[in-house]
Protein chains: 2
Amino acid sequence: MTRIVALDTFDVRFPTSRQLDGSDAMNPDPDYSAAYVTLRTDDPSGLAGHGLVFTIGRGNDVQTAALQALSHLVVGREVDVVVNDLGGFARSLADDSQLRWLGPEKGVMHMAIGAVINAAWDLAARRAGKPVWRLIAEMTPEQIVGLIDFRYLTDALTPDEALALLRAAEPDRAARTALLLEQGYPAYTTSPGWLGYPDEKLARLAREAVADGFRTIKIKVGLSVEDDVRRCRIAREAIGPGIALAVDANQRWDVDDAIAWMRRLASFDLAWIEEPTSPDDVLGHAAIRRGIAPVPVSTGEHTHNRVMFKQLLQAGAVDLIQIDAARVGGVNENLAILLLAAKFGVRVFPHAGGVGLCELVQHLAMADFIAISGRMDDRAIEYVDHLHEHFVDPVRIREGRYLAPMSPGFSAEMYEESVREHLFPDGPVWREEREALPVSSGE
Amino acid sequence: MTRIVALDTFDVRFPTSRQLDGSDAMNPDPDYSAAYVTLRTDDPSGLAGHGLVFTIGRGNDVQTAALQALSHLVVGREVDVVVNDLGGFARSLADDSQLRWLGPEKGVMHMAIGAVINAAWDLAARRAGKPVWRLIAEMTPEQIVGLIDFRYLTDALTPDEALALLRAAEPDRAARTALLLEQGYPAYTTSPGWLGYPDEKLARLAREAVADGFRTIKIKVGLSVEDDVRRCRIAREAIGPGIALAVDANQRWDVDDAIAWMRRLASFDLAWIEEPTSPDDVLGHAAIRRGIAPVPVSTGEHTHNRVMFKQLLQAGAVDLIQIDAARVGGVNENLAILLLAAKFGVRVFPHAGGVGLCELVQHLAMADFIAISGRMDDRAIEYVDHLHEHFVDPVRIREGRYLAPMSPGFSAEMYEESVREHLFPDGPVWREEREALPVSSGE
């Protein structure tokens, strides 16, 4: 009888603030980081499950402490019981009544719960010998419904409605699986558009993105409207009229500011404005959407749970949503969100980048294509060319498309050496960083 | 020049799950806890500021780690600079771009920020020789507006509108201060109504509450509708028709369940139904309110920031709100919420109980009465008779009213001995708890 015998955590940080990769209007100097978790088992083969929370530096230790606080709910469990009832496992983490007070279902504690749930999915998929996208895509509609916590959702989506959606998508699963394996899933790229980049670099990277096969690019906006007008013009000229151009304000504006600012950018035929305001502001997004129509509005990478996504859809606040693999309560809650999006007919453009987010979220988009929405032609997964070299099963991009991962698991495993090198604060990379600093008289 | 020289944290827990005090539909066995923080200064008098996050047990260590993660933003600062610009201080904590990723403005990290801001208010009030309620009530309208982060609020409340509200309340401040000092502020009590209590105890405590002068009592509901009908009847019979009876479901229901359940309880002339569903569900509360009118709907103790309160008010989702002193970003964000409530004409019934929440939130309600809403006759502060003995300046209740605290500070300081005794896991109280447990073969 195989059991989970340990929940190991690692505070892993990459000193990305040395460059301006990843800079945007709200996050000027991120150190891309992962609070990384491994569920070890006593299986003699070394079977384990891996998950992570992405952060941008400070606070990654708090996130790691939150992962550790879940040990008592995980260590000692039978692997078969966990992997055969991933719905029950997920609910048991979210329902710890004392930990629930720290959210509920939001912030540090909820992200930790999501990472441990994702690690259990990695374990389950390894045990099944399949990548996670295929594990989901081969479940029955009833099994998928059984994964989901419908609490607080039933005014928008009932289990029966979810079942009907999944059954409607069932007949063509095989054909779509073949299509996915043949063509991959569309990607879009944010690499050209970081705020810290000079105009010439923006233009060059935008042209390269199109040459590489991307059909959508995204640039950051929100610090100066004059700069944004210029940068949108440069990007639009570089990619031409046939490529989609999206912009991302990273929560920079109040409602009225967003409307005024976006009217200045409306002439660039934008694919969407992402995160125009607070991720919590459902009614604000709805007001912005009315104010700047027909420019599409989007949010989601910071939307903290299914209840918030439900409201964004109920309020008609968004034209599309971003999901994030490591913000909400793991695969299970993301499946609830994908089902909500399918019911409301809203497209999904998964958020990625960071550390391992591309590796994780591709599985969810691909499972959605096969088993839920049945669509990939009108959507795309974000792609950023960062830090993939630290992952054992990194994403593979060809001609602007994600190729389906084929290895068993959730593609979340990092190389042990990468983890060891980047441990904070005492791994060799961070010791070097400190030695390179000038000696300070204070602190 | 006096500086803050340390941010000390303490994981303090009380083994309250031994009794059923504090039990409700979602929280069956809380161990009331505080992640307690002290800002020490180098002032020879021993000047310090105290704050806390209330939790219900597990995860208090994560909350303590989050407090610790704020040290770099606090230690080394000049006390005069902090206390003379508490608005700037609060913003500097909320705006740390890397820590912001862990929320933003929600959950573990935001509660930690709130506690440190509250500790700075304690420090400022001690320095000024005034209780916090008076410190606020004696600020000019312009100073109060300067405390508030209006980001994401301006579609509902602008700085100019806030200033107008504050100026309108200014002329009668002195008269209201005198009234407060003479009469105290109304309290209501939840002590009779915990779910774990037998019917006889409910009836007895309800009668005692009325005899003690309380004009409103609240009972917990949500586990069994038949039980709730019986318990509402018992409570109503015990208190008679002239006393207000509120019920609290602690987030137990989906929208349709809440409507059906509350229709069964409508005949008891309820003062409000509190937390009928997810605290994140603004639109759900609005639907419930429409579905059970005229029973008033309320929420707020888990509402994580001003953006959520803004939407509850914009959507007409609530008849009244609870504020909590230790959930949002400290005094500053609560002042924003109180101003929003005043603008929308919604009554405030502050949430209290737990550890130190009564001690803290009374200051906010009293400042609101004097400087913002000008009302206390149509509202009340929750009161639970728990754990006050651990506080140096505990609340004083007389004839169902909170007497205004008179000592300088925020009433947040705990006795050093209480902290030491209840340190988790190695304080004497917890060592005793462990020794009293039967020896387990596992774990």
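Predicted model: local features only at pLDDT ≥ 70, side-chain atom pairs only at ≥ 80, totals over all residues.
**Entry 1: strand β3 of chain A.** For the strand as a whole, residues 48–55, the count is 8 of 8 buried, so I noted β3(A) as largely enclosed by the rest of the structure.

I then turned to the pairing of this strand, and I saw that β2(A), residues 33–41, runs antiparallel to β3(A) and is joined to it by 8 bridges. One pair that I wrote down is A:Arg40 with its bridge partner A:Ala48 in β3(A). The hairpin made by β2(A) and β3(A) has 6 residues between the strands, and there I noted that A:Gly46 takes a positive phi near 85°.

**Entry 2: the two domains of chain A.** I looked up the division of chain A and found domain 1 at 4–131 and domain 2 at 170–417, with their C-alpha centres 23 Å apart. Where the two meet, 39 residues of domain 1 are in contact with 38 residues of domain 2.

**Entry 3: the contact between the chains.** I next took the contact of chain A with chain B, to which chain B gives 53 residues and chain A gives 54. On the chain B side, I listed α1 (60–68), α4 (97–100), α5 (107–128), α12 (255–265), α13 (282–292) and α14 (306–314) as each supplying at least two residues. The largest share of this side, 5 residues, comes from α1(B), and the residues of the side divide into 22 nonpolar, 20 polar and 11 charged.

**Entry 4: helix α13 of chain B.** From the helices on that list I picked α13(B), where 8 of the 11 residues are buried, so this helix too is largely enclosed by the rest of the structure. The buried residues are B:Val282, B:Leu283, B:Gly284, B:His285, B:Ala287, B:Ile288, B:Arg289 and B:Ile292. When I looked up what they pack against, I found elements from both chains: α13 (282–292) and α14 (306–314) of chain A, together with α12, β8 (297–299) and α14 of chain B.

Definitions and conventions:
Residues numbered from 1 in each chain as written. Chains lettered and ligands numbered in written order. Contact = placed C-beta atoms within 7 Å. Helix = DSSP H or I, 4+ residues; strand = E, 2+ residues; numbered from the N terminus. Nonpolar A, V, L, I, M, F, W, Y, C, P; charged D, E, K, R; others polar. Buried ≥ 20, exposed ≤ 12 C-beta atoms within 10 Å, placed from the backbone. Pairing = 2+ DSSP bridges. Domains from an automatic or database assignment.
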